[in-house]
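The sequence and the model come first, and the text follows.

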Amino acid sequence: ILHDGTEPDATLLAERLSRQPEVEYAEPNALYRHTTTPNDPSFTTRQWNFTAIGVDRAWDINPGATKGVVVAVVDFGITTVTNSYTFPTWDGRAITGLSVPYRVNPDLSSSRLLEGRDFAFWTGPVLDMDGHGTHVSSTIGEDTNNGIAEAGIAYNATILPFKACMGYWDIQFAMSALGIRGFAPLDSGGCTASAVASAVRYAADNGAAVINMSLGGTGTPTTIRDALTYAVQRGTLVTVATGTEN
């Protein structure tokens, strides 16, 4: 490394030195900065939206947040236990018990997944019977740079799951538990304003720095508006879907 006070322009100095017969080559001592491109195989093939919003550049500044950042996901839930549960369901002839196996997402470390709470289906552990909650939570915080599946935006953050929505199987099991024979309509399910509002308030009261609601619908019920106002007043950032419905 050569410093020459007579020529502050490193490029010009390198060109001058390169012309000397005893110098093999000379070039400025370039300054490089770290860049964070994860090795998850689907990051470059499927997650074009990450680079579209500049997440890779954000990672250079703050790589994936920290465990102390709690992101609450108000959705169809995120499965928080690996276990089998028996639910009643219609099998075409009668209502019978069906053993359903559940498993925690293998690409979301259990150490970053809090217990959460179910405001829609039952008093047991949070279970995702739809898939949307798992998809959303993975986009937010899936384990990253581990060579598996895809990447998550805040891949060091802690995820706090809330079930405020019910999908087809939630409705089917609930109908059968009430003794209603037959199959639920294929488009069954949704998120009641009361369940969403309860989840938002609970998240704000329990340390959520961010509340994510990838939900859409017409109108703005006062129940939800008041809950969002409550959360924001407590210093929580609330993010909601735009364009899903009007």
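A149 lies in the loop between α5 (132-141) and β5; helices (H or I, at least four residues) and strands (E, at least two) are DSSP runs, numbered from the N terminus. This is a predicted model, in which local features need pLDDT of at least 70 and side-chain atom pairs count only at pLDDT 80 or more, while totals for chains, interfaces and linings use all residues. Residues are numbered from 1 along each chain as its sequence is written, and side-chain values use heavy atoms, with hydrogens and water left out.

A149 is not a glycine, yet its phi is positive, at about 50°. Most residues other than glycine have a negative phi. A65 also has a positive phi, near 65°, and is a residue other than glycine. Its place is the loop between α4 (55-61) and β1.

| Residue | Relative accessible area | Class |
|---|---|---|
| A149 | 34% | partly exposed |
| A65 | 21% | partly exposed |
| T11 | 43% | partly exposed |
| S176 | 3% | buried |

T11 is part of helix α1 (residues 10-18). S176 sits in helix α6 (residues 168-177). Leaving aside residues up to four places away in sequence, S176 touches P88, T89, W90 and I95, where contact means heavy atoms within 4.5 Å.

The chain as a whole comes next. It holds eight helices and nine strands. Its C-alpha trace spans about 95 × 40 × 35 Å along the principal axes. The radius of gyration of the chain is 26 Å, whereas a compact globule of 246 residues would have one near 18 Å. That radius is taken over C-alpha atoms, and the globule rule is 2.2 Å times the number of residues to the power 0.38. Of contacts between residues at least 6 apart in sequence, 72% join residues at least 24 apart.

Of the 246 residues, 38% are buried. The chain exposes about 14200 Å², and carbon and sulfur atoms supply 53% of this area, as found by the Shrake-Rupley method with a 1.4 Å probe; for residues, only the protein chains shown count as cover.

The interior can be described through its nonpolar cores. A nonpolar core is a set of buried Ala, Val, Leu, Ile, Met, Phe, Trp, Tyr and Cys residues joined through side-chain atoms within 4.5 Å. In soluble globular proteins, nonpolar side chains tend to be buried together. The largest core here has 22 residues, and those with the most contacts inside it are A72, V74, F162, V196, V200, I211 and M213. At least two residues of this core come from each of β1 (70-75), β5 (158-163), α7 (193-205), β8 (210-213) and α8 (222-233). Helix α7 gives the most, with seven residues. Apart from this core lies another, of twelve residues, among them V71, I140, A157 and I159.

Which residues does F162 touch, not counting residues up to four places away in sequence? They are A72, V73, V74, D75, G77, R117, F119, A199, Y202 and A203.

Key
Buried means under 20% relative accessible area, exposed over 50%, partly exposed in between (1.4 Å probe, protein chains only).
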